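Please read it alongside the sequence and the coordinates shown here.

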Amino acid sequence: MSWIENILKDNNPETMEELITRADQVRRKFRGEAVYLRGLIEFTNYCQRNCYYCGLRRDNNAINRYRLSAKEIIDLALQANQMGFQSLALQSGENPDRKTVDFLVRVVSEIRELTTRDSSIGLGITLSVGELSYADYKRLYEAGGHRYLLRIETTDPQLFASIHPPSQTLEKRIECLKALKDIGYQVGTGIMVGLPGQTPDHLLADLQFFVDMDVDMIGMGPYIPHPQTPMGREPSASQVDPWVHTLKVMALTRILMPDINMVASTALQSLRPDGLKWGLRAGANVVMPILTPIKYREDYRLYADKKYKSFPQLKEEIEEAGFRLGLWQWGDSLRWAKRQQQSEDNKVAGHLQAEEAM
Ligand code: SF4
């Protein structure tokens, strides 16, 4: 991957422009001009983990903790459905206890039941609730969740250890991603770009990881410090630029994995007002409009200065960037769809071989 290494280390703005143009071409060829929506409901900011960079960390006592009721989540889901979003993302801090998982299983199955009563495909459901057991991932899948986002953040063991407490390990994160894939989810992962101590070589290894894991979706964003966290209180330098390198890694990901889904993250949009347009040009084809009730939004900040855009604003920016909204469709990852087809074909081939042998 020496050409990729060169791009990651090259500071020439022309290299960046060429790279983004190429990513845009690849994305238009393989994924078209549609931008798919995942209405984002941040249903609780309680978190049992203590990541050193995140404003939701357990030890941050400066935020008000909240938990949406099942009715509040379902009502928001139904509104999203009426607006044509067709897909929902349920996100929260990490709470692997029985009560929280039972609650989520109930909510997911109710949303699926209510939105498929008229025989439509109903709302597609993406989950992003962190590390759980294999059995709990399976329960959520059987309840109707079919995509799962679990960011690796970085694949470098030392860098991972520098941003998480010792109880959270890279091995466990990878094990969870493998479990999700084994169960049949469309699996998404991603990284933070611009972490203290991060280098272009780390990013190269992260790209290799995406390819080796053969993931279906990517969601990555720049590292933005949060003042109420250990890392935010003691800022230190990174060898990579959060803005430039996020766009570079997104563009490279799109070129290496043309048929995946990739999110233009809210963090990218928070860093610069034109972040959405750049993210789309760099290969993103998914946007997650925030549906969390306004009164809770201030308390759901993984990083500082998180920006919110209304749905009409997002629509306008998507169209200005030369794309169109992919309303009334799930917009699944083509990479996942191909893998499903391949596994069906293998099953048929296996049956035929078995019949011939008889
Ligand atoms: S990154 Fe996730 S698991 Fe870590 S503290 Fe924040 S919400 Fe919790």
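On a 1 Å grid over the protein atoms alone, a cavity is a set of points where a 1.4 Å probe fits but cannot get out, whereas a pocket is an open set with protein on both sides within 12 Å along at least five of seven lines, and lining residues have an atom within 4 Å of a point. Grid points are joined across faces, edges and corners, and a volume is the space filled by probe spheres set on the points. The model is predicted, with local features requiring pLDDT of at least 70 and side-chain atom pairs pLDDT 80 or more, while totals for chains, interfaces and linings use all residues. Residues are numbered from 1 along each chain as its sequence is written, and side-chain values use heavy atoms, with hydrogens and water left out.

By this rule there are four cavities of 30 Å³ or more.

| Space | Volume |
|---|---|
| Largest cavity | about 900 Å³ |
| Second largest cavity | about 100 Å³ |
| Largest pocket | about 190 Å³ |

The largest cavity is the space taken by the ligand, where a molecule sits in a cavity or pocket if more than half of its atoms lie within 2 Å of its grid points. Its lining comprises 21 nonpolar, twelve polar and eight charged residues; here Ala, Val, Leu, Ile, Met, Phe, Trp, Tyr, Cys and Pro count as nonpolar, Asp, Glu, Lys and Arg as charged, and the others, Gly among them, as polar. Strand 8 contributes the most to this lining, with three residues; strands (E, at least two residues) and helices (H or I, at least four) are DSSP runs numbered from the N terminus.

Strand 8 (residues 217-222) also pairs with strand 9 in the parallel sense over four bridges, pairing being assigned if DSSP finds at least two bridges, and Met-220 stands opposite Ala-264 in strand 9. From strand 9 (residues 261-264), Asn-261 and Val-263 point one way and Met-262 and Ala-264 the other, and all are buried, that is, under 20% relative accessible area with a 1.4 Å probe and protein chains only.

The second largest cavity is lined by residues that include Thr-266, Gln-269 and Lys-307, and its lining divides into six nonpolar, two polar and two charged residues. In the largest pocket, helix 4 provides the largest share of the lining, four residues, and the lining as a whole holds two nonpolar, four polar and four charged residues.

Notes
Buried means under 20% relative accessible area, exposed over 50%, partly exposed in between (1.4 Å probe, protein chains only).
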